[in-house]
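Let's take a walk through a protein model together.

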Amino acid sequence: MAATGAQRRIKSISYAKYGYIFILPFFIVYFVFQLWPLINTFVLSFHGNGNPSEKNTTSNEVLVGFDNYSTLLSGGEARNLRMQHEEFVSSFKNTIILWIGNFVPQIILSLSLAAWFTDARLKIMGKGFFKVVMYMPNIITAASVSVLFMSLCSDKGAVNQVLGAIGVGPIDFLKGTVASRGTVMFIQTWLWFGNTMIMLMSGIMGISPSLFEAAEIDGATSTQAFWKITIPLLSPIMVYTLVTSMIGGLQMFDIPYLYHTGTEINKDIQTVAVYIFQRYKNKNGAQFGYAGAASVILFIVTLALGSITFFLNRDKDEIAKKKQRKKLQKDAKARSKQFGGLSI
Amino acid sequence: MSKNSMKSTYGAAKDNYTKKIKIKSWILFAWMVILTIICLLPIYILLINSTRSSVEIQNGFSLIPSGNFSENFKTLTTSSQFKSSVNMVYGYKNSAIITISATILTVFFSALTSYGIHVYDFKLKEISYTVILMVMMVPVQVTGAGFLSFMIDLKLHNTFWPLIIPAVAAPAVVYFMRSYMKSSFPLEIVEAARIDGSGEFGTFIKIALPMMKPAIAVQSIFAFIQNWNNLYTPQMILLSVGVEKKTLPMMMASLTASDKIDYGVVYMAIALSVVPIIVAYVFLSKFIIAGVALGGVKE
């Protein structure tokens, strides 16, 4: 019985060390390139901005406590501090405006499309083709998309030429507050609605088809089935989509960063990510203090949003099992106490 | 009531019902055609405008190609205005080097990590997986300041290393591969391989990797797209490099910087950056859409 002998020998060897060896590269790289930079960001946020030419700023080496945070959140006496504060607050405000402006149309569009695509009663030709086309904007380089729309929406660009032909005067899509924000919202929706649609579709297809069949037999219309079955059962995925979209929205960078001509960024669409990025490339040297503090604020907001998804993503069966196991242990303990601490 | 009349009543209702559905289907079809046009029109205008001269573009809107394609191409490659900031050959080369190396690292080490967590039992197993799940959401924008200043301290800024090495640690990919292994990688295989005398690392390379091909294919595609399109990290790390070290998205970024824009050439450059990825998408769309759908079912 050589096989069983080998089997027994193998069973007795501990393979735990291989587990550590296999996950080691991941964690080394993670600690060096992600965790340490994260800690370093916190460290930097308590230090000066390394910019001796400006008043009220100190070198990178000097600890300044919460000065950077108070500057960003409440400004200060000096003009440059006040400007820093205003720029940060407006970039946060812009981020929220741009996110809401792209999420609301996006979810309406994606949800309705997902419902129609999965409705077995409707016979729409070329569903596969439509799905492929609608997802396509999502894989195109966002930087190229931004420059493309910048060219299309410039004073003499294609959009204004078409508008001119129907008698609407040229609109300044690049510099006008409402027009530029609207365009960025449009581009973001254009980029992401296909992705959201496919995620929601896979969610809807996870709902048991017998529910829809039963509803159809009971005489429910498509609209009723949508509001009474699809929406309630889809809510976990909807929350997931909402939170990931929020976190993604906080990182919005490529489009707002590139949607302008010349070297100056349009202040109406400057997001937090753009604000932080600009600190690295400041005219008078990098301002790591402000960048760090703004990053930490962004991190706290992301963490709050991320923990929501984390709790939604937990393995619910696993938790139920754990609870049951605990209860069994407790019962066993209680029983053993009954018998005077003897475990049977 | 005769059988016949009953049939006719129900028949009429049924006809009415199918008619309604038909009308609705056609209305929706029209709406989808409109959305398709909205999705494709910007790309179409891009391709058309890359064949037109700057003057033509400024003078009017057109859906018909013109004959300025090679002229635009020549200006893009030879004009001094673009020479210092845009060079598509360097762009393709640098983007390809970074993207391909990063993709290989991401996929290989994510498979290795998820295999380690899935197959072996060790003390820190649960906690290490929880850590991976928790850090999945931390965006690069948050760690950027610390990352950049650390890289400057190490004198690694302006090199490709900070863009390639971090790809080893991709928590989201590990999460995906772990879920895949849970559903389709039985542990008995590992034990059978041990009995046959296979080493642990050999089992991973020769048995686990081939079995994980579907997951690896999907994740490679996504890692490739993500790295190819990445503007933020290269723009941050490659602080002051010449055109010979810039990636494609960085070159796109430099197109907006000048006030006097030759639009024909700009459209040409964008088209050159976008067309390869669209062509690849046409062939891989089935994979990609299936992959996105998988990512959605997380509950």
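## Holes, helices and a core

Searching the whole structure turns up two cavities of 30 Å³ or more. Keep in mind that this is a predicted model.

Let's look at the second largest cavity, which has a volume of about 40 Å³. Which residues line the second largest cavity? From chain A there are Lys156(A), Gly157(A), Ala158(A) and Gln161(A). Chain B brings in Ile45(B), Asn49(B), Arg52(B), Ile57(B), Gly60(B), Phe61(B) and Ser62(B). Two helices, α7 (158-165) of chain A and α1 (3-49) of chain B, each give at least two residues to this lining.

While we're at α7(A), its buried residues are Ala158(A), Asn160(A), Gln161(A) and Leu163(A). After α7(A) comes Gly167(A), with a positive phi near 90 degrees.

Now zoom out to the chains. Chain A has 14 helices and zero strands, and chain B has 15 helices and zero strands.

| Item | Chain A | Chain B |
|---|---|---|
| Residues and share buried | 344 residues, 50% buried | 299 residues, 50% buried |
| Accessible surface | about 17,300 Å² | about 14,400 Å² |
| Surface from carbon and sulfur atoms | 65% | 68% |

What about contacts along the sequence? Take the contacts with a separation of 6 or more: in chain A, 65% of them join residues 24 or more positions apart. In chain B, that share is 74%.

Next up is the inside. In soluble globular proteins, nonpolar side chains tend to be buried together. The largest nonpolar core here has 181 residues, and the members that touch the most others are Met134(A), Tyr259(A), Tyr280(A) and Tyr115(B). Helix α15 (residues 263-296) of chain B gives the largest share of this core, with 16 residues. Where does the core lie relative to domain 1 (3-68) and domain 2 (86-256) of chain B? Both domains give residues to the core, so it lies between them.

Let's pick out Met134(A). Leaving out residues up to four places away in sequence, Met134(A) touches Leu113(A), Phe117(A), Phe193(A), Gly194(A) and Met197(A) in chain A. Over in chain B, Met134(A) touches Met32(B), Leu35(B) and Cys39(B).

Two other residues deserve a visit. Is Asn40(A) buried or exposed? This residue of helix α2 (residues 16-45) of chain A has a relative accessible area of 8%, so it counts as buried, the cut-off being under 20%. Apart from neighbours within four places in sequence, Asn40(A) is in contact with Gly146(B), Ser149(B) and Phe150(B).

Then there's Ser110(B), in helix α5 (residues 88-119) of chain B. With a relative accessible area of 0%, Ser110(B) is buried too. Not counting residues up to four places away in sequence, Ser110(B) touches Leu105(B), Ala170(B), Val173(B), Val174(B) and Met177(B). Take Ala170(B) from that list: Ser110(B) and Ala170(B) are 60 residues apart in sequence, yet their C-alpha atoms are 6.6 Å apart in space.

Definitions and conventions:
Residues are numbered from 1 along each chain as its sequence is written. Chains are lettered from A and ligands numbered from 1 in the order in which they are written. This is a predicted model: local features need pLDDT of at least 70, side-chain atom pairs count only at pLDDT 80 or more; totals for chains, interfaces and linings use all residues. Side-chain values use heavy atoms; hydrogens and water are left out. A nonpolar core is a set of buried Ala, Val, Leu, Ile, Met, Phe, Trp, Tyr and Cys residues joined through side-chain atoms within 4.5 Å. Buried means under 20% relative accessible area, exposed over 50%, partly exposed in between (1.4 Å probe, protein chains only). Helices (H or I, at least four residues) and strands (E, at least two) are DSSP runs, numbered from the N terminus. Domain bounds come from an automatic or database domain assignment. Contact means heavy atoms within 4.5 Å. Accessible areas come from the Shrake-Rupley method with a 1.4 Å probe; for residues, only the protein chains shown count as cover. On a 1 Å grid over the protein atoms alone, a cavity is a set of points where a 1.4 Å probe fits but cannot get out, and a pocket is an open set with protein on both sides within 12 Å along at least five of seven lines; lining residues have an atom within 4 Å of a point. Grid points are joined across faces, edges and corners, and a volume is the space filled by probe spheres set on the points.
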